[in-house]
Amino acid sequence: MEVFVYKQYEEMSKTAAEEVADVLNAKPNAVLGMATGSTPLGVYLELVRMHQRGEIDFSHVTTFNLDEYVGLPITHAQSYHRFMHENFFRHVNIPPQNIHIPSGTTTNYRAFCDWYERRIVDCGGIDLQIVGIGSDGHIAFNEPGSSLRSRTRLKTLAKQTIDDNARFFDRPEDVPIYAITMGVGTIMEARQILMLANGVKKADAVAAAVEGPVTAMITASALQMHPNTKAFLDEAAASKLKMREYYDWIQFHKPGAPRV
Ligand code: GLP
């Protein structure tokens with residue numbers, strides 16, 4: 001895992017958006033893996049700006065989102081369908097038929113999850129997957145204990161995740177307790193992964209994911225086994241990394257590396 005630390009969230013988001021743009025410039029029909037949560041909002045904002053300036057075109061892009069709450073209609077203010085539409089899809093030109101988000105309202109979850117997995121393969125696999133990290137170290141909704149080979153499935157959310165996400169709902173009891181999520185194994189098949197984290201609340205999870213042992217207790221730690229993962233962090237999220245100086249040294253001395 002390559003670690004990049006940025007002074008500000010905005011700089012981190014801008015550089016992450018440039019990574020996405022690089023993928024699209026090399027492959028206009030790339031398949032992008034999208035994430036929700038507050039962390040990637042800056043990346044989406046920057047990608048929308050780049051699109052409005054005519055710098056990137058999404059007309060041949062296909063997307064797959066990581067996850068969705070079970071039981072929320074797609075129009076619900078906190079559904080990930082709505083989040084993606086409001087914050088990204090309605091501002092860019094991805095053909096609607098190319099957008100995939102797990103269904104939180106299907107009547108047959110098992111069949112839907114199997115179809116989602118097949119659809120990713122049929123579209124050629126994910127070229128670049130964006131992921132955030134939960135404060136319990138999860139990626140997507142792969143809570144502690146999830147198999148590191150797990151596939152898209154129905155998942156019960158951990159109490160910590162429900163508590164973390166309660167801030168978005170009117171009442172804590174409104175937070176769904178189930179989600180459909182890509183598995184760790186599904187995410188690991190992406191050709192390139194960008195893990196984003198900002199804020200001190202993520203510092204412990206980031207340190208465990210980047211420098212701790214690979215364990216199903218911190219599913220983001222599986223990314224250590226991925227051949228092409230970059231962690232983009234702000235100072236606060238990086239504050240508990242023991243090898244911080246080493247990462248800066250590597251980036252500074254790498255031929256052609258961005259000076260962060
Ligand atoms: C949810 C999502 C994750 C996300 C996490 C962190 O649990 N399923 O994909 O990474 O929240 O969210 P935030 O970026 O708001 O901290």
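What distance separates the side chains of Glu19 and Lys230 in their polar contact? The two side chains are joined at 3.2 Å. A polar contact is a pair of N or O atoms within 3.5 Å; within protein, one must be able to donate a hydrogen and the other to accept it, and residues adjacent in sequence count only if both atoms are side-chain atoms.

This is a predicted model, in which local features need pLDDT of at least 70, side-chain atom pairs count only at pLDDT 80 or more, and totals for chains, interfaces and linings use all residues. Residues are numbered from 1 along each chain as its sequence is written, and side-chain values use heavy atoms, with hydrogens and water left out.

**Glu19**

Glu19 belongs to helix α1, residues 9-26. Helices (H or I, at least four residues) and strands (E, at least two) are DSSP runs, numbered from the N terminus. Glu19 has a relative accessible area of 15%, so it is buried. Buried means under 20% relative accessible area, exposed over 50%, and partly exposed in between (1.4 Å probe, protein chains only).

**The ligand site**

The ligand sits in the largest pocket. A pocket is found on a 1 Å grid over the protein atoms alone, as an open set of points with protein on both sides within 12 Å along at least five of seven lines; a cavity is a set where a 1.4 Å probe fits but cannot get out, and lining residues have an atom within 4 Å of a point. A molecule sits in a cavity or pocket if more than half of its atoms lie within 2 Å of its grid points.

Around the ligand there are 13 residues, and Ser38, Thr39, Asp67, His138 and Lys202 come nearest. A residue is near a molecule if one of its heavy atoms lies within 4 Å of it. The shell has four nonpolar, six polar and three charged residues. Ala, Val, Leu, Ile, Met, Phe, Trp, Tyr, Cys and Pro count as nonpolar, Asp, Glu, Lys and Arg as charged, and the others, Gly among them, as polar.

| Residue | Protein atom | Ligand atom | Distance |
|---|---|---|---|
| Ser38 | side-chain N or O | oxygen | 2.7 Å |
| Ala140 | polar backbone atom | nitrogen | 3.2 Å |
| Lys202 | side-chain N or O | oxygen | 2.6 Å |

The ligand has 390 Å² of accessible area on its own, and the protein covers 94% of that. Accessible areas come from the Shrake-Rupley method with a 1.4 Å probe; for residues, only the protein chains shown count as cover.

**The loop between β6 and β7**

Ala140 lies in the loop between β6 (128-131) and β7 (153-156). Ala140 is not a glycine, yet its phi is positive, at about 55 degrees. Its relative accessibility is 9%, so Ala140 counts as buried.

Ser146 is also placed in the loop between β6 and β7. Ser146 counts as buried because its relative accessibility is 2%. Ser146 and Met217 are 71 residues apart along the chain, with 7.5 Å between their C-alpha atoms.

**Other positions**

Leu223 is in the loop between α7 (203-211) and β10 (229-234). Leu223 is buried, at 0% relative accessible area. The C-alpha atoms of Leu223 and Ile139 are separated by 9.5 Å, across 84 residues of chain.

Asp114 is in helix α4, residues 109-122. Its relative accessible area is 42%, so Asp114 is partly exposed. Asp114 and Arg153 lie 39 residues apart in sequence and 8.3 Å apart, C-alpha to C-alpha.
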